[in-house]
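This report is written for someone meeting the structure for the first time. Please look at the sequence and the model before reading on.

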Amino acid sequence: MKTAENFDLPAPYRRPRRLRATPAMRALVSETRVNPRQLIYPVFVGEGLSEPQPIASMPGQFRHSEESFKAILDQAVQAGIGGVMLFGVPDDVSKDAQGSAAWDANGVLNRAISIASARVGDELVVMADTCLDEFTSHGHCGVLRDDGVVDNDATLELYAAQAVAQARAGAAVVSPSGMMDGQVAAIRAALDGEGFEDRAILAYSAKFASAFYGPFREAVSSTLQGDRKTYQQDPGNHREALLEAELDIEEGTDMVMVKPAGYYLDVLADVAALSPVPVAAYQVSGEYAMIHAAAEKGWIDLERTVSESLTSIVRAGADMVLTYFALNRNPQTS
């Protein structure tokens, strides 16, 4: 039998496998730990629903009625997660070219924020998506010019109105996701001007024009015409993502985000390295759907894959992760 001396290894040589020997040892020396408090659960609340509606492309996810939404909030508290990100799904009658239901105090999203703030606001961070795409008849994230291109500066005024309405409804965090230039500065000025200096901003700073958003568009009954490539980032651009994050930080955002997460870990790592504020990453609907689809085929183990995917996102530098797996999955498995 060969011994260590036969292999010309330095003596004493290292055996890293010693620290992998048992589940207890692996848990003890784990370099990356995902805590439930780092997880944020995205929730869809539908206008006028009497019961939750399943989202076909996102198994286990629903457009919630206001009543089923309350039960989800209670589950989120019981799961010990950090927060919820709320999305409103208005009926078609409520949509118009400007997305005016977005700042209507009686609009579906602002009602949901009020419910969440009153019910769990002391136990969860209540966050609201600050964008117009769910509320516009054309499905874009801002108002359109005559040539069909989103008008950046005209949209900023509407984001400011929407953020103030969300703060009035009780949102602790507003989350501009439309990738308009100057959106953080406009929202910060509006919030401060209305006495909401204590409300935080989580900016979708590096949001890519990704193919992985498809199931989300089903979830919000998107009416999008065309695409969002003139304002969301090109998936091939890395330096631009860092610039976007730096600009949002300069404008006063309290947190930055990279979206999607799993296919942009290089961007996430570099944003985390430069950012003096907490960094979020969004494990988006397409990532969720693909994991579920492969698991349903028996090709992967669902629990282990969820754990590995979340661990990789945190390992890359995310302080918090928006994920549809937040409620029903244990992020740490041996």
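The text below moves from a helix to the core, and then to a group of strands and a glycine.

The model is predicted, so local features need pLDDT of at least 70 and side-chain atom pairs count only at pLDDT 80 or more, while totals for chains, interfaces and linings use all residues. Residues are numbered from 1 along each chain as its sequence is written, and side-chain values use heavy atoms, with hydrogens and water left out.

Helices (H or I, at least four residues) and strands (E, at least two) are DSSP runs, numbered from the N terminus. Helix H4 covers residues 152-169, and at 1.5 Å a residue its 18 residues should span 26 Å, which agrees with the 26 Å between its end C-alpha atoms; the expected span is 1.5 Å times one less than the number of residues. Because 13 of the 18 residues of H4 are buried, the helix is largely enclosed by the rest of the structure, where buried means under 20% relative accessible area with a 1.4 Å probe, protein chains only. Just after H4, Gly170 has a positive phi of about 120°.

The largest nonpolar core has 102 residues, of which Phe44, Phe69, Leu86, Leu191 and Tyr282 touch the most other members. H4 gives the largest share of this core, eight residues. Such a core is a set of buried Ala, Val, Leu, Ile, Met, Phe, Trp, Tyr and Cys residues joined through side-chain atoms within 4.5 Å.

Strand E7 (residues 200-207) is mostly covered, eight of its eight residues being buried. Its pairings are listed here, two strands being paired if DSSP finds at least two bridges between them.

| Strand paired with E7 | Sense | Bridges |
|---|---|---|
| E6 (residues 173-176) | parallel | two bridges |
| E8 (residues 255-259) | parallel | five bridges |

Val173 has Ala200 of E7 as its bridge partner, and Ala203 stands opposite Val256 in E8.

Gly83 lies in strand E4 (residues 83-89) and is buried, with a relative accessible area of 0%. Leaving aside neighbours within four places in sequence, Gly83 is in contact with Leu39, Ile40, Tyr41, Leu124 and Val125, contact meaning heavy atoms within 4.5 Å. Gly83 and Ile40 are 43 residues apart in sequence, yet their C-alpha atoms are 4.7 Å apart in space.

Notes
Buried means under 20% relative accessible area, exposed over 50%, partly exposed in between (1.4 Å probe, protein chains only).
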